[in-house]
Amino acid sequence: MSKQLALVIDLNVCVGCHACVTSCKQWNTFGEAGPLSDQNPYGAEPSGTFFNRVQTFEVGEYPHTETVHFPKSCLHCEDPPCVPVCPTGASTKRAEDGIVLVDYDKCIGCNYCSWACPYGARELDQQQKVMKKCTLCVDRIYDATLPEAERKPACVMACPTSARVFGDIHDPESEASRAIRDSGGYALMPEWGTQPANHYLPRRKTLKPIHPDELERHDNPLKVDGKLPRPASAEPALDDVTSW
Amino acid sequence: MHNVITNAVRGDPYQIDTLLIFMANMAWNSTMNTMQVREKLNAKGEDGNYRIPFLVVCDAFQSEMVAFADLVLPDTTYLERHDAMSMLDRPISEYDGPADSVRVPVVEPTGNCKPFQEVLIELASRLKFPAFTAEDGSRKFKDYPDFVVNYQAQPGIGFLMGWRGKDGSQHLRGEPNPNQWEMYAKNNCVFQHHLPPALQYMRNWNQGYMDWAQQVGLRRDRDPIVIHLYSEFLQRFRLAAQGRHKGKQPPQRLRERVATYFDPLPFFYAPLEQQATDTQKYPLNAVTQRPMAMYHSWDSQNAWLRQIHTHNFLFVNSRTALAAGIADGAWMWVESPWGKVRCLCRHSEAVEPGTVWTWNAIGKQPGAWGLAPAANEARKGFLLNHLISDSPAHSDPITGQAGWYDVRVRIYAAAEQGVSPEFPALQKVPA
């Protein structure tokens, strides 16, 4: 079976530190495809092109609340709706590894692909006027000059909590496939039929049941601080009945 | 340290002629009671002279503090200098053994920028501080890299524990190695000593660990480390305050405070600031936190980070906010006994109803940090520092630690819009 590279992102582990966001921007803005531009970087309402963003939101009402940090990037769909709508053939899905890429030389910035993407993963670079998105660091992961352990997307390398796993989800023995299989990995909005390659691992509760008797000190049945009363010296002891 | 400006202006413990500030934005987010501290920076005595006659600021950016400087020493960024994350001060150690690390410059400093460490070494050498002066009176260290390599806190123990000894063959303890920086650079700027598994656990009374730690100078003694539920150490202070201990005595004005809080057994008391506050009038706790994305960028500015957090809100539990008639996203007042701030409200279900909080050091003075005066940081960002008292009376009674999180506040809707207090825009200095 063909290869499908993907990210598996553990929402139970992500703390929302944005290290993946900035390391992605750093690697890709210095990449061979040119900078990810920033608009008004030191003025009012700064904005810019990012391949990866973290959206933080709250779920539930206090005190039954969770704060979810949700990293979002191109999901490298197995059936990507952004590809067939492209009038110039700039948007492609690679046969060899399943990465969805944009050829900036062919892109005319018509936005069709970003309208077709149900996940909002594509951004039109306001300076270069071409569509940009996550490449899974395609210029890193095959770079034979890097040590093998570093041939991973920049976001995976940067994540301090190891919330991001990179691998081939068509290989059932890959770390990514195992994580999806063993930890309830799911795809976003499967009803669109896009079959996203990236998966998310759900928030999980780690329960440690504590029974009431575990809270009681067995060596302190009187529940007082101090020494237990001593038996009277006249009470029988083993010494009285044995002669070792 | 958080009282340095106040003390300097008060002449406590003595009048100073020069104040040198580095790595601290004392006219803004590094100080409590920001408004009054800014006034104090410009305060004059009865003789018409400034209470802080000469103020020197080292900074890589045109921060709010720089605006008060008589002399600005342009600092470098971390990319242009040597730095040591040393065993002598908050090292980066891991569970399986001690570790330290360095930075080496990757680009040349721009213009006349100089790392603030070089300024300190230069000053200490010219002032002939004992640790920086050889026996014949000559200068001991050429510059900061030389100081890091050759300074020894104890014989054989210096800032960095990797590649010690003349040829770099020793670790943890050994003579200074003239090529130590190069050896760190060759090893990804990190040294780690891996402890054998038998030494990694229960270190507080692991005999093997104790022996090793003493040998390499990590510990003076090799006695087990036991948590003292009854602290003889604190009791000694209390006895002194009670006049029952000969030797050093606390100052008379602090005698009662020491006698009360240096209790050898733990006991609960509300923070001193809260004891002195009408908590009916100011029912809420107010705390701050540095955003994770910016945790290590207190003293820098980054075009990407400011797209992540370009201004801050006051996070208020939805029910608490609605009870005060404050809508999500609306301007609101937050007030303590020491001051009040108008800021934007964000309803949250993830904050306890009796507490409000915000990101700190996001708000900036208009024109500071090389930002346009209309930058979001200045128009919508705010500091909570205005609400926090810097009185030592409210510091932690045992450690003297500043009570940043002890302030009590109340909140109410704001009729007007915009951040208050307002500040004039700083004029851009020539680069």
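Between chain B and chain A, 13 residue pairs are in polar contact, counted where both partners have pLDDT 80 or more, and the coordinates behind this count belong to a predicted model. On the side of chain B that touches chain A, the elements giving two or more residues are α10 (305-308) and α12 (376-379) of chain B, and α10(B) gives the most, with four residues. The count of salt bridges between the two chains is two; one of the salt bridges between side chains joins B:Arg379 and A:Glu45, with 3.4 Å from N to O.

In terms of contact, 25 residues of chain B meet 26 residues of chain A, and the two chains bury about 2000 Å² between them, of which 60% lies on carbon and sulfur atoms. In chain B, the residues that lose the most area to chain A are B:Trp304, B:Gln307 and B:Glu349, which together account for 35% of what that side buries. The totals for this interface are collected below.

| Quantity between chain B and chain A | Value |
|---|---|
| Residues in contact | 25 residues of chain B, 26 residues of chain A |
| Buried area | about 2000 Å² |
| Share on carbon and sulfur atoms | 60% |
| Salt bridges | two salt bridges |
| Polar contacts | 13 residue pairs |

Within chain B, three strands form an open sheet in the order β4-β5-β8, with antiparallel pairing. Its edge strands are β4 (83-85) and β8 (190-192) of chain B, each of which pairs on one side only. Neighbouring strands of this sheet are turned against each other by 10° on average, when direction is ignored. The pairing of β4(B) with strand β5 (residues 99-103) of chain B is antiparallel and runs over three bridges, and B:Asp83 stands opposite B:Arg103 in β5(B).

Helix α7 of chain B covers residues 232-241, and its buried residues are B:Leu234, B:Gln235, B:Arg238, B:Leu239, B:Ala240 and B:Ala241. An α-helix has 3.6 residues a turn, so residues three or four places apart point the same way. In α7(B), B:Leu234 and B:Arg238 are both among the buried residues, as are B:Gln235 and B:Leu239. The buried residues of this helix pack against α8 (255-261) of chain B. Just after α7(B), the backbone at B:Gly243 takes a positive phi of about 75°.

Methods. Residues numbered from 1 in each chain as written. Chains lettered and ligands numbered in written order. Predicted model: local features only at pLDDT ≥ 70, side-chain atom pairs only at ≥ 80, totals over all residues. Heavy atoms only, no water. Pairing = 2+ DSSP bridges. Axes fitted to C-alpha atoms, helices over the stretch in contact; angles between N-to-C directions. Buried < 20%, exposed > 50% of the residue type's maximum accessible area, 1.4 Å probe, protein only. Contact = heavy atoms within 4.5 Å. Buried area = accessible area lost by both parts, 1.4 Å probe. Salt bridge = Lys/Arg side-chain N within 4 Å of Asp/Glu carboxyl O. Polar contact = N/O pair within 3.5 Å; in protein donor to acceptor, adjacent residues only side chain to side chain.
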